[in-house]
Each structure stands twice: as structure tokens, then as C-alpha cells.
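Biologist: I am new to this structure. Can you walk me through it in short steps?

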Amino acid sequence: MSTYDLRKKLPEIARRDVGKLEVTRNRAPWIAKFWPATSYPEGYANREPYCAAALCYWVQQWLADPEVAVAVCEEYGLLPRQLEKWRPKSAGAFNWIDWARANRVQMFDDYVGNILHTGDIMVFDMSHIGVVEDDNGKTLVYTVEANTGATGGRDGDGCFAKTRQRSLARKFIRILP
């Protein structure tokens with residue numbers, strides 16, 4: 001059975017923040033909501049980069065969907081009450097790789113033979129993270145990312161839909177196949 005309809009809900013949740021900008025460096029009401037979903041809630045007060053905090057929040061919201069929760073629980077042998085403890089909570093992009101390893105979540109590199117899915121998580125070599133919406137089947141990946149900018153850096157001024165080179169990925173993480 002295809003999980004496409006469930007997986008596409010993750011970038012749809014992320015898209016709700018696209019176009020929102022910081023009020024001051026790493027601060028805005030829409031950014032504040034991300035930090036309680038992390039293991040580092042004081043990150044907002046400390047004006048820390050928020051790309052992974054956003055992913056923590058988006059995944060938390062995604063897992064709150066009953067259909068998504070059932071599918072993820074079935075995939076990983078979890079009970080619904082275990083999802084909140086199980087989900088990624090790190091505000092550090094590279095820590096998502098450690099989380100995926102520890103939880104036997106599928107990961108792969110930027111090799112073009114590895115087919116991307118909507119809803120995959122792209123962990124960048126530059127310590128940045130975003131959610132995959134689509135790809136061109138070759139070298140480009142279409143993502144939604146927080147704490148980036150119009151020019152595409154890893155420490156920007158808002159949330160944007162981006163077109164990225166696949167080669168920028170350290171790893172891709174696939175929560176649902």
C-alpha cells in the first residue's frame with residue numbers, strides 16, 4: 001500500500017510557514033512555536049538557528065494526524081502513546097542522523113540512484129535540514145526549509161520553498177516508506 005497521501009502531509013504542514021520572515025535575528029512569533037517541540041526549548045530565548053527546531057515541530061504536528069500515527073506505529077512497532085517519546089527532538093540538524101540510526105529509520109546518501117519520496121528529510125552537509133516535497137529524478141530536490149533565505153544559505157531570515165542540489169545532502173531520512 002502506498003504511503004504517499006500520508007507522506008505528503010508533512011511538507012503540507014511545513015508549507016504553512018513558507019513566506020514568514022524573522023522580526024529580528026532568529027525571532028518571530030511563528031518561530032517561537034517550534035522550540036517547545038525540541039529537547040532544547042530555551043533555544044528561542046538564546047536566538048539559536050531554528051531549522052531543525054522547525055522540523056521537530058512539523059514532525060510533531062504530522063504525527064498528531066491519526067492516519068499518520070497508525071502508519072508510523074505499524075512501521076516501527078510502536079504504540080500511539082510512544083510516538084511523542086520516539087519522534088526526533090533535536091534542534092541540531094546532524095543529530096537527526098543519530099536519531100534515525102538509533103531508531104532504525106531508513107537513511108541513504110545523495111546518490112542519484114536512491115529514489116527520493118515526498119516527506120523525506122534532507123540533512124545538508126552544511127548542518128541544515130529541510131523536508132522534501134519532490135525532486136526532478138536527477139540532481140535537484142524541492143524542499144521546504146526554515147532558517148534559510150532567498151539566496152539559500154543555512155542561516156537566513158525565514159521559511160522558504162527551495163530548489164537545492166541533491167549533492168548538498170549528507171543524508172536523506174525516510175520515516176515512512
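Biologist: With which side chain does the side chain of Asp 17 make a polar contact of 2.9 Å?
Modeller: Keep in mind that this is a predicted model. Asp 17 is found in the loop between helix H2 and helix H3. A polar contact of 2.8 Å joins its side chain to that of Lys 33. The polar contact of 2.9 Å is with the side chain of Trp 58.

Biologist: Is Asp 17 buried or exposed?
Modeller: Buried means under 20% relative accessible area. Asp 17 has a value of 1%, so Asp 17 is buried.

Biologist: Which element gives the most residues to the largest nonpolar core?
Modeller: This core has 47 residues. Trp 58 is one of those that touch the most other members, and so are Trp 62 and Trp 86. With 11 residues, the element that gives the most is H4.

Biologist: How many residues are in the other core, which lies apart from it?
Modeller: Its members include Leu 116, Met 122, Val 132 and Ala 169. The count is 8 residues.

Biologist: Within what arc do the buried residues of H7 fall, seen down its axis?
Modeller: The buried residues of H7 are Trp 96, Ile 97, Trp 99 and Ala 100. They line one face of the helix, because they fall within an arc of 160°.

Biologist: Which residues are exposed on the other side of H7?
Modeller: What covers the buried residues of H7 includes helix H4, helix H6 and strand E3. The exposed residues, on the other side, are Arg 101 and Ala 102.

Definitions and conventions. Residues numbered from 1 in each chain as written. Predicted model: local features only at pLDDT ≥ 70, side-chain atom pairs only at ≥ 80, totals over all residues. Heavy atoms only, no water. Buried < 20%, exposed > 50% of the residue type's maximum accessible area, 1.4 Å probe, protein only. Helix = DSSP H or I, 4+ residues; strand = E, 2+ residues; numbered from the N terminus. Arc of directions from axis to C-beta. Contact = heavy atoms within 4.5 Å. Core = buried A, V, L, I, M, F, W, Y, C linked by side-chain atoms within 4.5 Å. Polar contact = N/O pair within 3.5 Å; in protein donor to acceptor, adjacent residues only side chain to side chain.
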